[in-house]
Amino acid sequence: MADMDSLAEALKAISVSTELIDEELKPHMDTILNLLLEKKRGTAEQIASSGILPTLAQALRNKGSLVSQVTLLVAEMAREAAVREQCIEAGLVAALVPLLNSLDQDLLLHAGRAIGRICFDNTVQQIQLVHSGIIPRLMDIMHQYPENDPLVNVCLLALCNLADMDVAREALAEVAVADVLTVQLKRAPDAERRHLILEVLGSLGESDGLKLQFVEAGVPEALSEMIRGLQGDSDPHDLCSIKIASNLIVTLLLGDESMQKCFGEGTGTVYQDVLSWLQSSNTQLQLSGALAIANFARNDSNCVKMMELGVVPHLLDLLELHVDEGDVSVQHAALSALRNLAIPVSNKVRMLEDGVSLRIRTLLRSDMPPVQFKLLGTLRMMVDGQEEAATVLGKDGVLLARVMEWCEAKDHAGVRGEANRLLAALIRHSRSPDVIHSVIKADGVQHLISMATSEHVIMQNEALVALAIASAIDMEAVQEPFQSADLLCTLKKMLDDPVGAVEVKFSTLGLICSLANSSMMKEQMEALNLKDSLAKLSSHSSTKLASQAESVRAVLSESS
């Protein structure tokens with residue numbers, strides 16, 4: 001009770017003071033500040049409702065001998081969220097901001113804390129702070145006093161609160177934020193500081209404009225160095241730091257220019273560290289390593305270089321490590337990397353020679369749809385334009401049986417689509433009678449016919465071309481499954497579809513022309529009156545399609 005009485009007396013003395021004489025105000029300020037520091041409940045609210053906040057703002061503007069004490073008082077009072085709006089209305093933020101230009105480090109600390117607390121979670125005030133030029137000032141303070149840990153901490157907290165705002169990122173792009181943060185990351189005294197810096201870096205690293213600045217300032221190297229120093233530790237805080245830092249490196253690699261700088265023709269420190277992550281026992285580093293390799297493999301020259309440097313065996317070892325009861329995310333990422341690496345033609349040949357397709361077959365037993373999806377896409381990329389690879393895989397009964405299962409994956413459209421596309425690719429790129437016979441034996445023709453009616457034009461075309469190749473190579477073998485699936489009726493519907501894509505109709509005509517080599521199929525075309533459908537297409541707005549329709553109609557009219 002005595003404390004509340006002394007508080008009331010101090011507040012009254014300040015509120016009735018007509019002139020702000022420091023010597024007279026000091027004992028009253030001491031009383032209020034002591035009660036705040038003692039965390040007396042209700043103190044902040046009583047101060048705010050007493051009407052002295054404008055007086056405190058004026059005292060700050062006067063910059064007299066009490067300025068540091070008043071700034072600390074405001075900082076302690078602003079711990080209470082309930083009084084922050086009143087602080088803003090009294091002009092305290094506007095009075096505090098100029099104090100950030102002081103050379104007094106204690107005053108900077110108190111002012112930073114006061115501003116940070118008053119403006120916490122207040123977007124309007126935070127935007128005003130950015131417009132007032134607070135970003136460059138925060139950078140200057142950390143640059144001038146890099147070893148004043150409490151002061152640096154206040155600046156980092158402020159950046160953390162501002163970093164998600166576009167206006168703040170634009171301001172940060174104009175200053176050397178990466179240099180300052182890199183210095184602090186290297187001297188971070190504990191996990192708490194480290195996490196705070198990583199949080200700021202992570203938020204800012206999402207900005208395309210800052211990615212390159214970060215890379216040029218050596219942020220990825222600093223992160224890699226930090227990870228190297230923490231590897232092997234089991235402390236949860238250190239493991240958390242490794243996760244955040246490795247994820248951030250992966251994010252920075254999303255920028256094309258920043259990625260290329262980190263790659264450094266395969267000799268860059270970051271790239272070398274990423275390779276070591278693939279062989280780490282830390283699952284998070286394995287995941288980040290595979291994702292990073294997938295990011296590096298975004299252009300042909302990098303892919304060829306990485307192939308030469310031997311990255312593929314590391315990815316395969318990683319996949320085999322996780323094939324049974326392993327981490328799905330790691331498998332998914334490693335397959336993404338392999339798929340990207342398989343895009344250049346020279347890499348496809350090398351991968352085939354190295355037996356990559358056979359090694360990743362071990363993943364066929366996976367029951368995880370994300371892994372199945374990526375595996376199918378990787379195999380499809382590897383056989384693209386590669387006759388030998390398509391022939392080897394297309395005759396693999398175990399592979400085909402699994403692909404047939406996935407062609408019917410009712411709960412995962414992505415897996416179903418990729419399985420069908422791989423099936424078509426095996427025929428299109430092998431052009432092998434043996435593959436066609438294997439697909440027929442595995443009951444794959446029906447899936448290709450269903451694929452021809454897909455909602456995706458690219459899948460329709462791939463299926464129609466595969467069916468045309470199959471019929472051209474061995475009509476006798478495909479005739480029976482074509483009839484069982486009522487293929488000709490399906491093709492007629494596709495020709496008659498008023499909204500069907502021109503390229504799909506063109507591929508359909510190519511298949512019909514191939515099927516016309518069979519007298520039995522030709523008779524069925526007559527029975528279906530397919531010539532009428534062709535006649536209608538002969539006047540199509542696409543002259544190329546119209547001409548092809550007329551040519552096919554002429555073929556059907558021969559000796560009919």
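A: What follows walks through the cavities, one by one.

The model is a predicted one. Rolling a probe the size of a water molecule over the atoms shows where empty space is left. Searching the whole structure with a cut-off of 30 Å³ or more gives 2 cavities.

Start with the largest cavity. Its volume is about 150 Å³. The lining is made up of 15 residues. Nearest the centre lie Ile 115, Gly 116, Leu 129, Ile 134 and Ala 158. Four helices each give at least two residues to this lining: H8 (105-118), H9 (123-131), H10 (134-144) and H11 (149-162). H11 supplies the largest share, with 5 residues.

Now turn to the second largest cavity. It holds about 30 Å³ of space. Ile 427, Ile 436, Val 439, Ile 440 and Val 445 line it, together with Leu 448, Leu 467, Ala 470 and Val 478. Here helices H30 (433-441), H31 (445-451) and H32 (457-473) each contribute at least two lining residues. The largest share comes from H30, with 3 residues. By class, this lining has 9 nonpolar residues.

Then move to Ile 436 and Val 439, two of the residues lining the second largest cavity.

Notes
Residues are numbered from 1 along each chain as its sequence is written. This is a predicted model: local features need pLDDT of at least 70, side-chain atom pairs count only at pLDDT 80 or more; totals for chains, interfaces and linings use all residues. Side-chain values use heavy atoms; hydrogens and water are left out. On a 1 Å grid over the protein atoms alone, a cavity is a set of points where a 1.4 Å probe fits but cannot get out, and a pocket is an open set with protein on both sides within 12 Å along at least five of seven lines; lining residues have an atom within 4 Å of a point. Grid points are joined across faces, edges and corners, and a volume is the space filled by probe spheres set on the points. Ala, Val, Leu, Ile, Met, Phe, Trp, Tyr, Cys and Pro count as nonpolar, Asp, Glu, Lys and Arg as charged, and the others, Gly among them, as polar.
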